[in-house]
Amino acid sequence: MLERGMSPEDINFTAPVEEQPNNSDKKFSRRDFTKLLGFGLVGVVAEKALSPLARAAEMASGESSEAEIEAEMLTPVEQREVESKVQAEINKARELILNQDYSSFLGNKFLVAALYYSDNFMNNELTPDKIKNDPPRQIIAGLKPYITPDVKKQYVAMLKLWSRNIEFKDPVKPLDRVDFGRGTNHSDAVDLFIAEGSEIKSVYSGIVVHAEGGFRSRDPLSVSSRKGGNTAIIFNAEKNEFYRYCHMEKVLVEPGERIKVGALVGKVGHTGLNAGKRGHGEHLHFEINKFDPRDGSTIALPAPEIKTRLRAIE
């Protein structure tokens, strides 16, 4: 945990930030938002809402679609409300960046998520067609112009300050057993199969930068990643690496908490749009993103490398 009686705000951290886009002195308007994304949020969910009984029957048969799992049908008023919330979240995170309020970064789940994602994700997974029905990704897309290499450098420098006195030891396995299942589900992540409710341990010691335990499939903005569900991200200052644990049933850490290797992070679950489908639970989704302090870039370690590292842990 943070030292007793101390919060991140108690640490005075200021650093220069490179000049932002020319329009950074004005609020992010509805018109700017629509122009950036190339569309509005009308049609976030256009599926017919099922009765609880009918929906339960479809889910039991494994035939319910992702859109039907996502949310009930939104009225035009609700759609506009979601659009307004998306813009508000962009503005809030943007102000933190422009004001260099680094000590408040960990209190903004969308900003921390944007700072975590790899350069490849930011450049290729935020296109209009990929974020059309995904409000959290729309927020990340709105923040992309402000997540500069310099901002990421200053953010990581702050995390290193907060990580002082953390003892870095050899890693441990995140679960009692490591089972990768059959085949490969992801190019830059691994799924570790085990019974739901199993304890998840921190592979490395570090500082918790992200902890979300409030996933609700019918609320498009309950978490920063609708596919990830309940998620935790831990930063290891020694390796300049971020470790992301997804789909958890329970998240048992908090942002700003300093944890030791092997500490309890949460419990395996099936939260997230895909993991919530029949036959898709009972696993931990695990990622490693590596930050390069020389140029402020972030790369996602490929799945084979993650598997090699986990297999090598005694």
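# Close-up views of a predicted model

View 1. Val 223 is buried, with a relative accessible area of 1% (buried means under 20% relative accessible area, exposed over 50%, partly exposed in between; 1.4 Å probe, protein chains only). This is a predicted model, in which local features need pLDDT of at least 70, side-chain atom pairs count only at pLDDT 80 or more, and totals for chains, interfaces and linings use all residues. Residues are numbered from 1 along each chain as its sequence is written, and side-chain values use heavy atoms, with hydrogens and water left out. Val 223 sits in the loop between β3 (206-212) and β4 (231-236). Helices (H or I, at least four residues) and strands (E, at least two) are DSSP runs, numbered from the N terminus. Leaving aside neighbours within four places in sequence, the contacts of Val 223 include Lys 109, Phe 110, Pro 136 and Glu 212 (contact means heavy atoms within 4.5 Å). Gly 214, Phe 215, Gly 229 and Asn 230 are also among them. From Val 223 to Gly 213 the C-alpha to C-alpha distance is 8.0 Å, across ten residues of sequence.

**View 2. Helix α5 against helix α8.** Helix α5 (residues 109-116) packs on helix α8 (residues 135-143) at an angle of about 70 degrees, and the axes are 10 Å apart. Axes are lines fitted to C-alpha atoms, for helices over the stretch in contact, and angles run from 0 to 180 degrees between N-to-C directions. The two helices α5 and α8 are therefore roughly perpendicular (under 35 degrees counts as roughly parallel, over 145 as roughly antiparallel, 65 to 115 as roughly perpendicular and the rest as oblique). Their crossing is right-handed: a crossing is right-handed if the near helix is turned clockwise from the far one by less than a right angle, left-handed if anticlockwise. From α5 come Phe 110, Leu 111, Ala 113 and Ala 114; from α8, Pro 136, Ile 139, Ile 140 and Leu 143. By class, the contact of α5 with α8 has eight nonpolar, no polar and no charged residues. Ala, Val, Leu, Ile, Met, Phe, Trp, Tyr, Cys and Pro count as nonpolar, Asp, Glu, Lys and Arg as charged, and the others, Gly among them, as polar.

**View 3. Helix α4 against helix α8.** Between α4 and α8 the packing angle is about 35 degrees, with axes 9 Å apart. This crossing of α4 and α8 is right-handed. Val 82, Val 86, Glu 89, Ile 90, Ala 93 and Arg 94 of α4 touch Pro 135, Gln 138, Ile 139, Gly 142 and Leu 143 of α8. That contact of α4 with α8 has seven nonpolar, two polar and two charged residues. Ile 90 belongs to helix α4 (residues 76-98) and is buried, at 0% relative accessible area. Ile 90 and Leu 143 lie 6.3 Å apart, C-alpha to C-alpha, yet 53 residues apart in sequence.

View 4. Gln 100 has phi near 55 degrees. Gln 100 lies in the loop between α4 and α5 and is partly exposed, with a relative accessible area of 28%. His 247 has a positive phi of about 70 degrees. His 247 is in the loop between β5 (241-246) and β6 (248-251), and counts as buried at 8% relative accessibility.

**View 5. An aromatic cluster.** Ring pairs link Tyr 116, Tyr 117, Phe 121, Phe 235 and Phe 242. Rings of Phe, Tyr and Trp (its six-membered ring) pair if their centres lie within 6.5 Å. The count comes to nine aromatic pairs.

Definitions and conventions
Phe/Tyr/Trp six-rings, centres within 6.5 Å; stacked < 30°, edge-to-face > 60°.
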